Amino acid sequence: MGLTVKNKNSFELGEDISSFFSLPVDEENKDTYDDIKNEIYNLDIDVEKKAYIINRINLLSTNISIREKNNIRKEIENFQKEYNLY
């Protein structure tokens with residue numbers, strides 16, 4: 001019986017011990033979601049809706065499955081369409 005690992009993270013060796021292992025971070029998406037969060041803070045909507053969608057955005061930076069991340073991205077896109085955020 002074999003085990004298949006479908007992990008797309010790559011590890012790189014660094015020159016000093018503090019950066020011995022580094023995970024690639026998608027800075028472009030992080031900046032995009034930071035911009036979306038700033039726009040959400042300025043919206044005049046229910047505080048619970050703001051908190052929910054901001055928590056969903058923050059979940060993208062955690063270690064969750066790719067399928068769940070895709071579902072969260074769809075939620076964010078639907079929220080953007082609903083409130084005309086682009």
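## Around Y83

Y83 touches L43, I45 and K49, leaving aside residues up to four places away in sequence; contact here means heavy atoms within 4.5 Å. With K49, the two side chains also make a polar contact at 3.3 Å. That term covers a pair of N or O atoms within 3.5 Å, where, within protein, one must be able to donate a hydrogen and the other to accept it, and residues adjacent in sequence count only if both atoms are side-chain atoms.

As for where Y83 sits, look in the segment after α3. Its C-alpha is 8.5 Å from that of L43, although Y83 and L43 are 40 residues apart in sequence.

## What kind of model this is

This is a predicted model, so local features need pLDDT of at least 70 and side-chain atom pairs count only at pLDDT 80 or more, while totals for chains, interfaces and linings use all residues. Residues are numbered from 1 along each chain as its sequence is written, and side-chain values use heavy atoms, with hydrogens and water left out.

## The overall layout

The protein chain has 3 helices and 0 strands, giving the pattern α-α-α when you read along the sequence. Helices (H or I, at least four residues) and strands (E, at least two) are DSSP runs, numbered from the N terminus.

Of the 86 residues in the protein chain, 20% are buried. Buried means under 20% relative accessible area, exposed means over 50%, and partly exposed is in between (1.4 Å probe, protein chains only). Among contacts with a separation of 6 or more, 30% come from residues 24 or more positions apart.

## How α2 meets α3

Helix α2 spans residues 47-59 and helix α3 spans residues 66-82; their axes come within 10 Å and cross at roughly 140°. The axes are lines fitted to C-alpha atoms, for helices over the stretch in contact, and angles run from 0 to 180 degrees between N-to-C directions. The crossing of α2 past α3 is left-handed, a label used if the near helix is turned anticlockwise from the far one by less than a right angle (right-handed if clockwise).

On the α2 side, the contact is made by Y52, I53, R56, I57 and L59, and on the α3 side by I72, E75, I76 and F79. Sorted by type, the residues of this contact come out as 7 nonpolar, no polar and 2 charged. In this sorting, Ala, Val, Leu, Ile, Met, Phe, Trp, Tyr, Cys and Pro count as nonpolar, Asp, Glu, Lys and Arg as charged, and the others, Gly among them, as polar.

## The two salt bridges

There are 2 salt bridges in the structure, each being a side-chain nitrogen of Lys or Arg within 4 Å of a carboxyl oxygen of Asp or Glu. One joins E75 and R56, with the closest N and O atoms 2.8 Å apart. This pair ties together distant parts of the chain, with E75 in helix α3 and R56 in helix α2, 19 residues apart. R56 is buried at 16% relative accessibility, whereas E75 is partly exposed at 25%. Besides E75, R56 touches I72, not counting residues up to four places away in sequence.

The other salt bridge brings together the side chains of K37 and D34, at 3.9 Å from N to O. K37 and D34 are 3 residues apart in helix α1 (residues 27-42), so about one helical turn separates them. K37 counts as buried at 16% relative accessibility, and D34 as partly exposed at 28%.
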